[in-house]
Amino acid sequence: MTVDGVMNANAVQWDLIQATTDLMYMFERRVIDKKEEKLEHRRRSRNIGHS
Amino acid sequence: MTAEELVGINKKEVLRAKIESIRLPDVMDKEFATVRPDDRLGDVLAKMTELDLHEIPVSQDGKRMAGLVSYGTVIRRKNLSIDAKVSTIAITPPAVSPDTAITEAAEVLLREGYRQLPIVDNGRIEGVLSRGHILSMLNNIPELRDVPVESIMSPEVRTAKGKDRVVDAVTVMRDLDIRILPVVDDMERIMGIVGFKDVASYNWREKKRQTVGEVVGDSYPADVLVESAMIEDPAIIAPGTTVGKAAEIMLKRNISSLPIAEERELRGIVTRYDLVELVASFRRRDMMYMQITGLEKGDRFEMDQMERVITQSMQKIARIIDPLMFSLHVGKYHNEGVGLSTL
């Protein structure tokens, strides 16, 4: 993901629909990972605050 | 960059109200050209070229709306005779009235790929709104006017080299659906720009005439180099230039794209599309732009399936983030495998 919030990915496959499915899966995973990263960061900051 | 990222979610609502307080009748052209339903297509295209219009409203009396002729539609329809009547190719444009919010009108311009759009009230054409009108209003909103272009520019720019062939540059522009390519040297310093409109005529030579006793008739791409066809010393702006200044340069020079460079080193590009998109991004939306390029004519079936896959996936993604745009380019490798890339 760039600083402007743009996500970029590519997929290579013999089958166009399969390539699209793979590509979208990559985006879904990235969005979920990003969200988990944020949650983790928030959790850690909270823990630091408590210690 | 989204409206939220630029001004923050709280200010977005305030700024939206400010932008939407500018009404379409305050910015649109109230004097405009029209064509009649029984005009010849050839004459209409000549008129559009002369007036530098991509769309023109159709009306019998210059007032009542009877459709719209769009370059895009004409290009997509094959085998059209130049003697065809306008009424056979006119399309019904999306309804935009003088009361439509300017953010929504900006979005319609982008979604439909139009450069200008008739503003219609009760079947009567009240005016024409162009992308240029949206640009000119940016200077009335200091919060938008003073945004540096680097916040909205496209940082990854496809470029051409001076020794590339024009025909290859045209192919790249056509495939990516873009209108200019910055030309750079080996150090990635900008040397000029090559525009689709300027080089379209270089793309093909006239057919050779048949000579006595010899049949030669093939047309083929002319072997012109980009450095011979490029515009040298184009308008270039620095990353810190404001949106207002960029809009002013585009309007003054009647250009649609501005390369962004620091000491001639290319950093990005900003287009009229980006500036109109900035205004459209303030619209309350529950939709996303989707653009798929690079597919061939016979791929219609695949395109429908791809749209379904993308929509399903985007619905999942939209529960977490708010996607604004999805752009996908399909490239074929070795005529069999396919590759997808998105931005």
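This is a predicted model: local features need pLDDT of at least 70, side-chain atom pairs count only at pLDDT 80 or more; totals for chains, interfaces and linings use all residues.

**Entry 1: confidence.** Within chain B, the lowest confidence falls in strand 13 (residues 337-342), with a mean of 54, and the highest in strand 4 (residues 124-130), at 95. I noted an average pLDDT of 84 for chain B, with 86% of the residues scoring at least 70. Residues 205-212 of chain B stay under 50 in pLDDT, and the model has eleven contacts beyond four places in sequence for them. For the complex, the predictor gives an ipTM of 0.86 and a pTM of 0.66.

**Entry 2: overview.** I found 15 helices and 13 strands in chain B. Of its 343 residues, 30% count as buried. I also looked at contacts between residues at least 6 apart in sequence: in chain B, 62% of them join residues at least 24 apart.

**Entry 3: a sheet.** In what order do the four strands of the open sheet in chain B lie? I read the order as 5-6-7-8, with mixed pairing. Strand 5 (160-161) and strand 8 (231-232) of chain B are the edge strands, each pairing on one side only. Further in, I followed strand 6 (residues 180-184) of chain B, which runs antiparallel to strand 7 (residues 190-195) of chain B and is joined to it by five bridges. There I saw L181(B) opposite V194(B) of strand 7.

**Entry 4: helix 13.** Which residues of helix 13 (residues 243-253) of chain B are buried? I listed V243(B), G244(B), A246(B), A247(B) and M250(B). These residues share one side of helix 13 of chain B, because they cover an arc of only 165° around the axis. Their packing partners in chain B are helix 8 (131-137), helix 9 (142-145), strand 9 (257-262), strand 10 (265-271) and helix 14 (272-280). On the face turned away from the buried side I found K252(B) and R253(B), both exposed. Just after helix 13 of chain B, N254(B) has a positive phi of about 55°.

**Entry 5: helix 15 and its strands.** Strand 11 (residues 289-293) and strand 12 (residues 325-333) of chain B are parallel, paired over five bridges. From strand 11 the chain passes through helix 15 (residues 300-317) of chain B to strand 12, and I marked this β-α-β crossover as left-handed. I checked the length of helix 15 of chain B: 18 residues at 1.5 Å a residue should span 26 Å, and the end C-alpha atoms are 25 Å apart, which agrees. Buried in helix 15 of chain B are M306(B), I310(B), S313(B) and I317(B). They line one face of the helix, because they fall within an arc of 70° seen down its axis. The face turned away carries exposed residues, including R300(B), F301(B) and D304(B).

**Entry 6: two loop residues.** Most residues other than glycine have a negative phi, and I wanted to log two exceptions. N122(B) has a positive phi near 50°, and it sits in the loop between strand 3 (116-121) and strand 4 of chain B. N122(B) counts as exposed because it has 8 C-beta neighbours inside 10 Å. D233(B), with phi near 55°, lies in the loop between strand 8 and helix 13 of chain B. D233(B) is exposed too, with 9 other C-beta atoms within 10 Å.

How values were computed. Residues are numbered from 1 along each chain as its sequence is written. Chains are lettered from A and ligands numbered from 1 in the order in which they are written. Two strands pair if DSSP finds at least two bridges between them. A residue is buried if 20 or more other C-beta atoms lie within 10 Å of its own, exposed if 12 or fewer, and partly exposed in between; C-beta atoms are placed from the backbone. The arc is that of the directions from the helix axis to the C-beta atoms. Two residues are in contact if their C-beta atoms, placed from the backbone, lie within 7 Å. A crossover is right-handed if, with the strands pointing away from the viewer, the path from the first strand over the helix to the second runs clockwise. The expected span of a helix is 1.5 Å times one less than its number of residues. pLDDT is the predictor's confidence in each residue, from 0 to 100.
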